[in-house]
Amino acid sequence: MALGNGSIVTEFILMGLTDQPELQLPLFFLFLVMYVVTLLGNLSLITLIVLNSHLHTPMYFFLFNLSFIDLCYSSVFTPKMLINFISKNNIISYMGCMTQLYFFCFFVISECYVLTSMAYDRYVAICNPLLYNSAMSPKVCSNLMLGSYLMAFSGSMAHTGCMLRFTFCDANTINHYLCDIFPVLQLSCTSTYINELVVFIVVGINTIVPSLTIFVSYGFILFSILHISSTEGRSKAFSTCSSHIIAVSLFFGSGAFMYLKPSSAGSMDEGKISSVFYTNTVPMMNPLIYSFRNREVKVALKKNLSRNRFS
C-alpha cells in the first residue's frame, strides 16, 4: 500500500473479533463448531426437501432457498474469520474486501425477502386456504424468489458501487472481522455523504418493505386464528407459524440492534459482538428451528434415516 493523500489502498487489515491472544484459539474452535453445524444443518434440510416429494410445497420451496442463502451467507466470511483467529497477518485484499461486502449485502437482503415471502405464504394458507393453490402456484413462488434475488442484486450493487468510488488514505485497518459497510466507511478520507444516503435509502427500503409486509401478514393471521372456533385448529395454526416467527425475530431483531443505533468506537466494538448473532448464530439456528418445530420435517428425517438403515 502506498501512503499519503490520494494513495491507493491495495489491502486491508481486519482487526477481528478480539485482540486478546489468549482468546484466539478458543474462539477458533467455537466458531469452527458453529460453522460445521451450520453447514450440516442447512445441507441436511436442503437434501431432505429435495428427496421427499411431500415437501415439494411452496412453504418448503422458500425454506429450501432460505437454507441455501444461509449456507452461502455464512461461507462468505466464516472461513476468512477462522483463518484470522490462527494467523498473525489478518490481511484481506482490496478486491477481496469489496467482493466479500457485495456477497454479504446480497445474501442479507435476499434473506429479508425470503422471510417476507414465507410470511405471505403463511397468510394465504391460513386466511385464504381455498385460494392457496392458485395464489401460491409454482409460477408465483418462482416470481417471488426472482424478485427477492433481483432486490438483493440491486441493493448490493448500490452499496458496493458507491464503496468503489472512495479514496482510502493512510488508514487501512477495519475494526471488524468482515468487510461490513460502516467499518469500511470509517476509513475513507473523502466525503461519505453519498454512501450514507445510499445506505439510508437501500437499508430503509429493504427493512421497511419486508417488515411492514410481515407485520401486516401476521396481523391478518392473528385475526383469523382468533376466529377459529376449535382449540385444536388454533393450536395447529399457531404451530405452523411459530418457527417462522422465531426465525424472523432472530434475524430482524439482531440486525436492528446492529444498525439502528448511533455509531462510535464503543458501539462499533459492541456491534462486532451483536453482529456475531445475525452473521453466525442465525444461519446455524434456522435449520434447527425448522427441524425441531416442524412435524413434516421430523417425519421426513425419520423416513430417510430408516431407509438408509435398512438399505
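**Entry: the model.** I note that this is a predicted model. I read a mean pLDDT of 84 for the protein, with 89% of its residues at 70 or more. Over residues 1-7 I found pLDDT under 50. The model still gives this stretch 17 contacts beyond four places in sequence.

**Entry: overall make-up.** I listed ten helices and three strands. Starting at the N terminus, I wrote the order of elements as β-α-α-β-α-α-α-β-α-α-α-α-α. The protein has 311 residues, and I noted 48% of them as buried. I then looked at contacts between residues at least 6 apart in sequence, and 79% of these join residues at least 24 apart.

**Entry: the sheet.** Strand β1 covers residues 11-14, and I found it paired with β2 over three bridges in the antiparallel sense. I recall that strands of a sheet pair through backbone hydrogen bonds, either parallel or antiparallel. The three strands make an open sheet with mixed pairing, and I read their order as β2-β1-β3. β2 (91-93) and β3 each have a single partner strand and stand at the edges, so one side of each lacks a neighbour in the sheet. I also checked what packs on the sheet: α3 does, and it touches β1, β2 and β3. I noted an angle of about 85 degrees between the direction of α3 and that of β2.

**Entry: helix α3.** I followed this helix over residues 94-127, which is 34 residues. From its first C-alpha to its last I read 50 Å, close to the 50 Å expected at 1.5 Å a residue. Is α3 mostly covered or mostly open? I found it mostly covered, with 26 of its 34 residues buried.

I picked out Ser117, which is in helix α3. Ser117 counts as buried because its relative accessibility is 5%, under the 20% limit. Leaving out residues up to four places away in sequence, I found that Ser117 touches Phe62, Leu144 and Ser148. I looked at Cys127 as well, and its 22% relative accessibility makes it partly exposed.

**Entry: the disulfide.** How many disulfides does a search of the whole structure find? I got one. The disulfide is formed by Cys97 and Cys179, and I read 2.1 Å between their sulfur atoms. Cys97 lies in helix α3 and Cys179 in the loop between β3 (173-174) and α6 (181-185), so the pair ties together parts 82 residues apart in sequence. I noted a torsion of about -125 degrees about the S-S bond, so this disulfide is left-handed. I checked both cysteines for cover, and Cys97 and Cys179 are buried.

**Entry: Leu17.** I ended with Leu17, in the loop between β1 and α1 (21-51). Why does Leu17 count as buried? Its relative accessible area is 13%, and the limit is under 20%. I listed what Leu17 touches beyond four places in sequence: Leu27, Phe31, Met81, Phe85, Tyr177, Lys272, Ile273 and Val276. I also read the separation of the C-alpha atoms of Leu17 and Asn84 as 9.5 Å, with the two residues 67 apart along the chain.

Definitions and conventions:
Residues numbered from 1 in each chain as written. Predicted model: local features only at pLDDT ≥ 70, side-chain atom pairs only at ≥ 80, totals over all residues. Heavy atoms only, no water. pLDDT = per-residue confidence, 0-100. Contact = heavy atoms within 4.5 Å. Helix = DSSP H or I, 4+ residues; strand = E, 2+ residues; numbered from the N terminus. Expected span 1.5 Å × (residues − 1). Buried < 20%, exposed > 50% of the residue type's maximum accessible area, 1.4 Å probe, protein only. Disulfide = S-S within 2.5 Å. Pairing = 2+ DSSP bridges. Axes fitted to C-alpha atoms, helices over the stretch in contact; angles between N-to-C directions.
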